[in-house]
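This report describes one protein chain for a reader who has not seen it before. Please look over the sequence and the structure shown here before reading on.

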Amino acid sequence: MNGVFRVPQPTNEPIRAYDPGSQEKRSIKAKLAEMRAREIEIPLIIGGEEVRTGRLGSCVIPHEHGHVLAKYHKAGKAEVERAIAAARKAHAAWSSLPFVDRAALLLRAADLLACSFRDEVNAATMLGQSKTVHQAEIDSACELIDFWRFNPHFAQRIYEDQPVSSRVCGTGSSTAPSRGSCSP
């Protein structure tokens, strides 16, 4: 298929104010209460598969060490080696995808984070790192959204700005004649 695909011009994600009484303030408070009320189990994810080692550690609220948010499975040498092998395999598949498909995946992830998963990421950051809502909004949501939107744009610019390579004709020649014909 012939065509030129253009990544949308990115702009910085607007920072929500979380003003008192606002819908965004009520929404983040509800998500904080929900996440604080339950303890989750975090498996390792290796090659898309959940791995539970049984060797557990605890994720606690830094400003309230007695409150356990999650138990996570610790990796050992075997899990690290499996993860390295899975990453190598994933790299081969990811790098063989056309640029437009890779860019579309990142842009879709940015859109999902900007809307559907923003409260979850911000609440997890607030609970897990003792950040304020404003700090979490900037450090977690906005920065990651910007990363996922700007990097496809930058990659597109790199692809567009590739230098023209000279042809090599015969032996010992590093440049092609100006009219494109090679003569010994």
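## Overall layout

From the N terminus on, the order of elements in the chain is α-β-β-β-β-β-α-α-α-α. That gives 5 helices and 5 strands. Helices (H or I, at least four residues) and strands (E, at least two) are DSSP runs, numbered from the N terminus.

The model is predicted: local features need pLDDT of at least 70, side-chain atom pairs count only at pLDDT 80 or more, and totals for chains, interfaces and linings use all residues. Residues are numbered from 1 along each chain as its sequence is written, and side-chain values use heavy atoms, with hydrogens and water left out.

## Burial and contacts in the chain

Of the 184 residues in the chain, 26% are buried. Buried means under 20% relative accessible area, exposed means over 50%, and partly exposed lies in between (1.4 Å probe, protein chains only). The chain exposes about 12500 Å², and carbon and sulfur atoms supply 57% of this area. Accessible areas come from the Shrake-Rupley method with a 1.4 Å probe; for residues, only the protein chains shown count as cover.

Contact means heavy atoms within 4.5 Å. Among contacts between residues at least 6 apart in sequence, 63% join residues at least 24 apart.

## Helices α3 and α5

Helix α3 covers residues 99–114, and its axis comes within 9 Å of the axis of α5, crossing at roughly 160 degrees. Axes are lines fitted to C-alpha atoms, for helices over the stretch in contact, and angles run from 0 to 180 degrees between N-to-C directions. Angles under 35 degrees count as roughly parallel, over 145 as roughly antiparallel, 65 to 115 as roughly perpendicular and the rest as oblique. The helices α3 and α5 are therefore roughly antiparallel to each other.

The crossing of α3 and α5 is left-handed. A crossing is left-handed if the near helix is turned anticlockwise from the far one by less than a right angle, and right-handed if clockwise. On the α3 side, the contact includes Phe99, Leu106, Leu107 and Leu113, and on the α5 side it includes Leu144, Ile145, Trp148 and Tyr159. By class, the contact of α3 with α5 holds 15 nonpolar, 2 polar and 3 charged residues. Here Ala, Val, Leu, Ile, Met, Phe, Trp, Tyr, Cys and Pro count as nonpolar, Asp, Glu, Lys and Arg as charged, and the others, Gly among them, as polar.

## Helices α4 and α5

Helix α4 (residues 118–129) packs on helix α5 (residues 133–160) at an angle of about 130 degrees, with the axes 9 Å apart. The two helices α4 and α5 are therefore oblique to each other, and their crossing is right-handed. From α4, the residues Arg118, Val121, Asn122, Thr125 and Met126 meet Val133, Ala136, Glu137, Ser140, Ala141, Cys142 and Ile145 in α5. The residues of this contact divide into 7 nonpolar, 3 polar and 2 charged.

Asparagine 122 lies in α4 and is buried, with a relative accessible area of 0%. Leaving out residues up to four places away in sequence, asparagine 122 touches Tyr18, Ile28, Ala136, Glu137, Ser140 and Ala141. Asparagine 122 and alanine 136 are 14 residues apart in sequence, and their C-alpha atoms are 5.2 Å apart.

## Two residues with positive phi

Most residues other than glycine have a negative phi. Tyrosine 18 is not a glycine, yet its phi is positive, at about 55 degrees. Tyrosine 18 sits in the segment before α1 (23–36) and is buried, with a relative accessible area of 3%.

Serine 130 also has a positive phi of about 55 degrees without being a glycine. Serine 130 is in the loop between α4 and α5 and counts as partly exposed, at 30% relative accessibility.

Lysine 31 belongs to helix α1. At 18% relative accessibility, lysine 31 counts as buried. Apart from residues up to four places away in sequence, lysine 31 touches Asp119, Glu120 and Ala123.

Cysteine 59 is placed in strand β4 (residues 56–61) and counts as partly exposed, at 27% relative accessibility. Beyond its neighbours within four places in sequence, cysteine 59 is in contact with Ile42, His67, Val68, Leu69, Ala70 and Tyr72. Between cysteine 59 and isoleucine 42, the separation is 17 residues in sequence and 9.7 Å in space, C-alpha to C-alpha.
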